[in-house]
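Have the viewer open as you read.

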Amino acid sequence: MSADALLCLCRAGFEPELAAELTERAAEAGFAGYARTQRASGYVEFVCHEAAALDRALPLRDLIFARQKLLRLADLRELNPTDRIAPILAELEAEAADGQRSTFGELWVEHPDSDDGKPLAGLARAFGNALRPALREAGWLSRQDDATRPRLHVVFLDGGHAMLARSDTRDASPWPLGIPRLRMHPDAPSRSALKLEEALLTLLDAGERSRLLRDGMRGADLGAAPGGWTWVLVRHGLHVTSVDNGPLRPQLLDSGKVEHLRADGFHWQPRAPLDWMVCDMVEQPRRVAERMATWLREGWCRHTIFNLKLPMKKRWDETRLCLDLLQAQAGRPLTVRARQLYHDREEITVFATPR
């Protein structure tokens, strides 16, 4: 048994964007293949004869519309509800016969985050509880979870159809389905706070969060009202200038770390360089990309996280155009990471910093 495809999970409705992204990035990396998906399914298969090499060539961190990236090992159809375990063990034994036997460190049983996939959550939990001891008995799964080993995934598409896949935990989402389960804090001014919290978890690694977000740093929140993103920065110890003609939640000002400027965040600029600028304004994505490039080119901030609100059509084309525009107009090499987060909707979130 050998891997024959990448299996990527995404936001339902954004399958065409992920398919276009995988097709373009695979071609740029020199791999031939084709994407296969259905609208609103919540996943995309990218079929490729060199799937294992392609998996290494396309790190999850570089993908925008994928929540999770897996290497598909088998497509299991017409599973018998009375025994779904035997076909999985048979596929793994076939891999062992090819000299590819390895012990997995974890088992995740998942489903797409779609209208058809969500009802499978109960099946996934129950099946995982039944499959784990069978895998351990057969020597396919560590007795204790071991994140240093490859992870085994079973992704149910319906009760009789599942895909068997694997992931390298160093190049995969650390959350099942690629979804961080964040809870709305009762003190947060708005649910938009979850976007920035997820962005910091997804776009920065632990070392970067520790190094780039420290007490006493200074930042700006453009289009801040009612203050969700300001609240997140303050929780990380920053002093924040919140720029918006609208009102902030009063408790934000009680912290002593927030200055509210009633001004147009799209045109405001700081008097001195800042450590951070964040922006979640509703504006044309190209205008936002150009304005963010200005901030980086002029040195008004060292790091930025911002959202690009995408159009209803040609969203992958617009994404590439905006990110290319950001790089071109910044006037300096940038590190840019972008992702459509779970808490995003018709948008992507971007982290950018000069190299």
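Which side chain does the side chain of R315 make a polar contact with? The partner is E346, at 2.6 Å; a polar contact here is a pair of N or O atoms within 3.5 Å, where within protein one must be able to donate a hydrogen and the other to accept it, and residues adjacent in sequence count only if both atoms are side-chain atoms.

Before going on, some ground rules. This is a predicted model, with local features needing pLDDT of at least 70 and side-chain atom pairs counting only at pLDDT 80 or more, while totals for chains, interfaces and linings use all residues. Residues are numbered from 1 along each chain as its sequence is written, and side-chain values use heavy atoms, leaving out hydrogens and water.

Back to R315. You'll find R315 in helix α10, which covers residues 315–330; helices are DSSP runs of H or I with at least four residues, numbered from the N terminus. R315 counts as buried because its relative accessibility is 5%, the cut-off being under 20% relative accessible area with a 1.4 Å probe, protein chains only. A polar atom of the R315 side chain also lies 3.2 Å from the backbone oxygen of G13. Setting aside neighbours within four places in sequence, the contacts of R315 (heavy atoms within 4.5 Å) are G13, F14, E17, R39, L310 and E346.

Now zoom out. An automatic or database assignment sets the domain bounds, and the chain is divided into domain 1 (5–177) and domain 2 (191–354). Their centres, taken over C-alpha atoms, are 33 Å apart.

How much area is buried between domain 1 and domain 2? About 1700 Å², with carbon and sulfur atoms giving 50% of it; this is the accessible area (1.4 Å probe) that the two parts lose on being put together, summed over both. On the domain 1 side, R11, R61 and I64 lose the most area to domain 2, together 39% of what that side buries.

Elsewhere on the tour, E24 and R320 meet through their side chains in a salt bridge, at 2.5 Å from N to O.

One last stop: helix α7 (residues 228–235) is mostly covered, with 7 of its 8 residues buried. Among them are W229, W231 and L233. After α7 comes G237, which has a positive phi near 95°.

Methods. Helices (H or I, at least four residues) and strands (E, at least two) are DSSP runs, numbered from the N terminus. Buried means under 20% relative accessible area, exposed over 50%, partly exposed in between (1.4 Å probe, protein chains only). A salt bridge is a side-chain nitrogen of Lys or Arg within 4 Å of a carboxyl oxygen of Asp or Glu.
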